[in-house]
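Good morning, and thank you for the time. I should like to take you through one structure, from its overall layout to a few individual residues.

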Amino acid sequence: MAECFVRSVARRAGSPLRVRQRAVGGVGAVVWDAALVLAKYLERAWPRPRPGPGTGPGGGSADGGAGPGPVVVELGAGTGLVGLMAAALGGETITDLPSDPDYILVADCIYYEQSLEPLLRTMKDLSGNKTCIILSYEERTMGNNPKVEKRFFELLQTDFEMEEVPLDEQDEEYRSEDIHVLHIKRKSRR
């Protein structure tokens, strides 16, 4: 088994999140920078992440009242740091994938060209009109990556609209000009 080390992520309140990361391994064995940026953005914005295009205030329970936290689905993020942060902040733990969750969190999944269409199909199948998808990705300039990113955004615009979260609304320490955080919402069904 590959050597592991513990990645500790400080929180504004409460104990730090501690995630085991492999020194060597595949994409699921790493705490990716875009996942760190998204986790820390959630911590700053929770329970009311900035609404997506055309939405009202986010956060809280699905009906806006007290009770269980928002239903959150995480798609990708290496070791799951983003989902752990959402749970630590009060996101509802689920055992079955719901349709129309409050939030879908996606961290650094715009990487492999062959995964773009399945990712977008999953986002479309899971999301409803009120779902806020919060996606972070690292803009990469080497190899095929610019082409992959361009293709993702072309495909995304078919069913979704998006808005980028400005850097000054992200965590002061965990932000970077080459890591983007987006709020995405399904286009209204007619």
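Read along the sequence, the protein chain follows the pattern β-β-α-β-α-β-α-β-α-β-β. It holds 4 helices and 7 strands; these are DSSP runs, helices being H or I of at least four residues and strands E of at least two, numbered from the N terminus.

A word on the source. This is a predicted model, in which local features need pLDDT of at least 70 and side-chain atom pairs count only at pLDDT 80 or more, while totals for chains, interfaces and linings use all residues. Residues are numbered from 1 along each chain as its sequence is written, and side-chain values use heavy atoms, with hydrogens and water left out.

Now to confidence. The mean pLDDT, the predictor's confidence in each residue from 0 to 100, is 83 for the protein chain, and 81% of its residues reach 70 or more. Over residues 49-65 the pLDDT is below 50. Where pLDDT is low, the predicted coordinates should not be read in detail.

Let us turn to the interior. Of the 190 residues, 44% count as buried, that is, under 20% relative accessible area, with exposed meaning over 50% and partly exposed in between (1.4 Å probe, protein chains only). The largest nonpolar core has 22 residues, and Met123 and Phe152 have the most contacts inside it. Such a core is a set of buried Ala, Val, Leu, Ile, Met, Phe, Trp, Tyr and Cys residues joined through side-chain atoms within 4.5 Å. Among the elements giving two or more residues to this core are helix H3 (116-126) and helix H4 (145-159). Leaving aside its neighbours within four places in sequence, Phe152 is in contact (heavy atoms within 4.5 Å) with Ile110, Leu116, Leu119, Leu120 and Leu135.

Beyond its neighbours within four places in sequence, its contacts include Trp32, Asp108 and Glu149.

Finally, a helix pair. Helix H1 (residues 33-45) and helix H2 (residues 81-88) pack at an angle of about 10 degrees, with their axes 8 Å apart. On the H2 side, the contact is made by Leu81, Val82 and Met85.

Definitions and conventions. Axes fitted to C-alpha atoms, helices over the stretch in contact; angles between N-to-C directions.
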